[in-house]
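My notes follow the order in which I looked things up.

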Amino acid sequence: MRKDLVCGMDVSETETSQRIEQHGETYYFCSEQCKENFANNPEKYLHPRKKGVFTRFLERLAKENHQAFGNKKPSCH
Ligand SMILES: [Zn+2]
């Protein structure tokens, strides 16, 4: 099994005819659409950008909540 880098689906090498050879590697895709997306912008899929600012913000928020309350429930008396 290979991974379709565009949509993340598992793709069987033997069942798909959608493939691209690049840098000595063969990449497999579930559909012509995914293959075209990859062909148009391979770098985007080979080297996905780091997490966006908003995602990092949400993660930090979740972490701070965890630190504030730990495992015990907030007290309410
Ligand atoms: Zn796909």
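The entries below go from the whole chain to single residues.

**Entry 1: ground rules**

I am working with a predicted model, in which local features need pLDDT of at least 70 and side-chain atom pairs count only at pLDDT 80 or more, while totals for chains, interfaces and linings use all residues. I number residues from 1 along each chain as its sequence is written, and my side-chain values use heavy atoms, with hydrogens and water left out.

**Entry 2: the whole chain**

I looked up confidence before anything else. pLDDT is the predictor's confidence in each residue, from 0 to 100. The protein chain has a mean pLDDT of 87, and 87% of its residues reach 70 or more.

Next I listed the elements, taking helices (H or I, at least four residues) and strands (E, at least two) as DSSP runs numbered from the N terminus. I find four strands and three helices, in the order β-β-β-β-α-α-α from the N terminus on. Among these elements, H1 has the highest mean pLDDT (97) and helix H3 (residues 53-69) the lowest (82).

For burial I use relative accessible area: buried is under 20%, exposed is over 50%, and partly exposed is in between (1.4 Å probe, protein chains only). On that scale, 17% of the 77 residues count as buried. The accessible surface, by the Shrake-Rupley method with a 1.4 Å probe (for residues, only the protein chains shown count as cover), comes to about 6700 Å², and 50% of it belongs to carbon and sulfur atoms.

I also checked contacts, meaning heavy atoms within 4.5 Å. Of the contacts between residues at least 6 apart in sequence, 26% join residues at least 24 apart.

**Entry 3: the zinc site**

Which residues are the protein donors of the zinc ion? I count as donors N, O and S atoms within 2.8 Å of the metal (3.2 Å for Na, K and Ca); water is not among the atoms, so sites may look incomplete. The donors are Asp-4 through OD, and Cys-7, Cys-30 and Cys-34 through SG, at 2.0 to 2.3 Å from the zinc ion. Their spacing in sequence is D-x2-C-x22-C-x3-C.

Why is the arrangement tetrahedral? The angles that the four donor atoms subtend around the zinc ion are 99 to 119 degrees, which makes it so. My cut-off for four donors is that all angles lie between 85 and 135 degrees.

**Entry 4: the donors one by one**

Asp-4 is in the loop between S1 and S2. Asp-4 counts as buried because its relative accessibility is 0%. Leaving aside neighbours within four places in sequence, Asp-4 is in contact with Met-9, Val-11, Tyr-28, Phe-29, Cys-30 and Cys-34. Asp-4 and Cys-34 are 30 residues apart in sequence, with their C-alpha atoms 7.8 Å apart in space.

Is Cys-34 buried or exposed? Cys-34 is buried, at 8% relative accessibility. Cys-7 is partly exposed, at 41%.

**Entry 5: the nonpolar core**

A nonpolar core here is a set of buried Ala, Val, Leu, Ile, Met, Phe, Trp, Tyr and Cys residues joined through side-chain atoms within 4.5 Å. The largest one has six residues: Ile-20, Tyr-27, Phe-29, Cys-34, Phe-38 and Tyr-45.

Tyr-28 sits in strand S4 and is buried, at 9% relative accessible area. Beyond four places in sequence, its contacts include Asp-4, Val-11 and Gln-18.

Gln-18 lies in the loop between S2 and strand S3 (19-22). Gln-18 is buried too, at 16%, and its contacts beyond four places in sequence include Tyr-27, Tyr-28 and Lys-35.

His-23 is in the loop between S3 and strand S4 (25-28). I noted that phi of His-23 is near 50 degrees, a positive value in a residue other than glycine. His-23 is exposed, at 65%.

**Entry 6: one stop in S2**

Asp-10 is in strand S2 and counts as partly exposed, at 48%. Not counting residues up to four places away in sequence, Asp-10 touches Met-1, Arg-2 and Lys-3.

Note on methods. Four donors count as tetrahedral if all angles lie between 85 and 135 degrees; four count as square planar and six as octahedral if opposite donors are over 155 degrees apart and all others between 65 and 115; anything else is irregular.
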